[in-house]
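Colleague: I've got a new model open and I'd like to go through it with you, bit by bit. Can you take me from the overall picture down to the details?

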Amino acid sequence: MPGYRAYFVPAVRENLLCRICHLPVRNAVQVSVCGHRFCDSCLNGAFSNTRQAARLRCPVDSSSIDLSQIYADDVTNQMIFSLNVVCDHYQLGCKWKGQLKKLEDHMANCKYAQVDCIAGCGQKVQRRKITEHVKKDCIKRWVKCPRCKKETTFENLQSHNCPAARRNPDQEIVTCSNGCGVRLKRHEMPHHLRNDCLHRWVYCENCSVEIVFKDKQEHLRRCRRSDSQTEEPGITRGGKRQSMPHSVRFDPRGLRSGNRSNSTSQEALNSSPPAPMRSASFPAFLNYVGREEIPSEVVYRGSERSRSRTTSQIDIERESDIFTCTCGQRISRGQITSHMSEECPRRLTKCQYCRAQVKFEDMQSHLQVCPHFPLSCPNSCGVSQIPREEVDRHLTHECRSNLIHCPFKHVGCQHQCPQRSLTQHLEDGMKKHLELVSQLALDQRKEIDQLREIVKHCKPFTDSKLYWRIDDFWNKFEDAKHKTNVELHSPPFYTSPYGYKFKIVVFPYGNGSGEGSHLSLYVRLLPGEYDTLLKWPFEGEITLSLLDQNRDSTRGQRNISQSFSPDPNWKSFQRPGKNGATLGFGYPQFVSHRGLESTSYVKEDCLFIKATIDCKYSADL
């Protein structure tokens, strides 16, 4: 067998095609001398005439080869089986897509595959429509006889021995043959057809054309003679039609010559009425559309004028049997059927792609927008026969020529390339991508640390109290010992939800007069959101405490506390500026380092500081 004829997506690379059948190789073999690949069957066919002469040559470049230089290419076979294909019935609507090795299993169950009718009628039907075919269209389907209710196949329904056929036929229920849908007993049907059926034929009182009864009102509105012939014989001054003898009819050649017949009325009464013109295959209004309006005269049967009709006069009457189609073409009655089914540009035809009903003259315009019309890839990637509605999906997910961004775009790589070149770019830019990812990780780490610090300081303290826990104190103490001006800042806190904003500052190794010997503790006033509503300078009492973590009831807690009331003239408690650079106020020698080490103020490397702000002397909100 030659190569695979499946629809590969994307197109198969040229080095995987057989050089004889030009299809993706099946059971690939390769010639080691020249490197050309072939299907096993294609190469055997090429060698069939040369083996006996022991002169084997490559079918491509005619290089001399030996059978020992031809080997099975299993790697290529695996590559072919791993390529993606679409279903062989994708033009019929199947959306399946997968590897070639799974195609055979899919085809065995594809709903769009043509299979034999399970009832044995011999027709081939799509698997998804087999149930509907067996129920509605199959000639082998089982149906019930409407007379005897006996089950039989559809093809034997007319010929089976029905016991109901031997009953009284007059009592049999039949359906109106005119198609109005009424069901009556057979002996009542003639009366219905003559008097009651809406689809019965009747004569127009104005133009003598036979029309369907249900279309009579519409015809009378269209009938030109009902409005123009107010002075015809048989019309009284009051507008009512008088009864006319059955032996008279309208002659289309009469009023052209301006003469009337002088035959006696008795002759007219004895003659029978002529058959009016009628179209049995088309609606009644077609008997009028396009018909030439010809004046008429009363001609009595058997008169001299009636006997003197010539061939030319008969032709004139035939001209009145010409119709004008909706497309504008004038046709005779006998050509209506062939014209409407084969020639009329306004006839309805089915689109071969989407099966929609479209006018023949509009078919080209429809194909410009038909969602199933096959197109080639706009990027010329080699894939063709893509339904128009699938082009966008193909360009987005499948097209090998589509420009795409590098997957490392979010880390800074701005490279764009066709999809087929993406693998090569990833291999060449591996080092660059690794550097970009590493830099991104460092930037994100810094951002996370900043956010943690912000979150830590965003904890709301709005009740004039702050309990501040300082973790890893001794490590921070050692850092301050070897560095200058190392200070620790507490989270901000408020005296009330809309009050003054403070924070505590600690110098672990001391500051000023306490540097190197004491822990220094200060309070600092910060700019707040409601400073314009508060009274300045701040007035109140501030208490700073170092909490003892010893819970021994015999010893008791020995907290170190210092309190003070700010003087209104102190600059540290005036309204702070927007930059927040106010001076802190506190105690450079709050507690000695020796006292911290000898008591339980630092426990498990953790230290607690409490600050209390009493604003009872200020105009806090």
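Colleague: How many helices and strands does the secondary structure come to?
Modeller: First, this is a predicted model, where local features need pLDDT of at least 70 and side-chain atom pairs count only at pLDDT 80 or more, while totals for chains, interfaces and linings use all residues. Residues are numbered from 1 along each chain as its sequence is written, and side-chain values use heavy atoms, with hydrogens and water left out. Helices (H or I, at least four residues) and strands (E, at least two) are DSSP runs, numbered from the N terminus. On that basis the protein comes to 18 helices and 36 strands.

Colleague: What percentage of the 621 residues counts as buried?
Modeller: Buried means under 20% relative accessible area, exposed over 50%, and partly exposed in between, using a 1.4 Å probe and protein chains only. By that rule, the buried part of the 621 residues is 36%.

Colleague: Which strands form the open sheet that includes β7, and in what order?
Modeller: Two strands pair if DSSP finds at least two bridges between them. β1 and β7 (residues 84-86) run antiparallel and are joined by 2 bridges, with Y7 facing V86 as its bridge partner. β1 and β8 (97-99) are the edge strands, as each pairs on one side only. That gives 3 strands in the order β1-β7-β8.

Colleague: Which residue of β3 stands opposite Q30?
Modeller: Start with β2 (residues 28-31), which pairs with β3 (residues 37-39) in the antiparallel sense over 3 bridges. The two form a hairpin with 5 residues between them, and G35 in the turn has a positive phi of about 85°. Opposite Q30 you find R37.

Colleague: And in β6, what is the bridge partner of V31?
Modeller: β2 also pairs with β6 (residues 70-72), again in the antiparallel sense and over 3 bridges. Within that pairing, the partner of V31 is I70.

Colleague: Which residues of β2 point the other way from A28 and Q30?
Modeller: In a regular strand the side chains alternate between the two faces of the sheet. A28 and Q30 point one way, and all of the residues of β2 are buried. Pointing the other way are V29 and V31.

Colleague: How wide an arc do the buried residues of α2 cover?
Modeller: In helix α2 (residues 74-82), the buried residues are T76, N77 and I80. They sit on the same side of α2 because their arc, taken from the directions from the helix axis to the C-beta atoms, is only 105°.

Colleague: Which exposed residues are on the face of α2 turned away from its buried side?
Modeller: The buried side has its cover, which includes β1 (7-8), β2 and β3. The face turned away from that side carries V75 and Q78.

Colleague: Which element gives the largest share of the lining of the second largest pocket?
Modeller: A pocket is an open set of points on a 1 Å grid over the protein atoms alone, where a 1.4 Å probe fits and protein lies on both sides within 12 Å along at least five of seven lines; lining residues have an atom within 4 Å of a point. This one holds about 880 Å³ of space, and of its 40 lining residues the closest to the centre are V86, Y90, Q91, Q385 and P387. The elements giving two or more residues to the lining are β1, β24 (386-387) and α14 (391-398). The largest share, 3 residues, comes from α14.

Colleague: Is H366 buried or exposed?
Modeller: H366 is found in helix α13 (residues 363-367). Leaving out residues up to four places away in sequence, H366 touches (heavy atoms within 4.5 Å) C351, C354, A356 and V358. Its relative accessibility is 16%, so H366 counts as buried.

How values were computed: Points joined across faces, edges and corners; volume = space filled by probe spheres on them.
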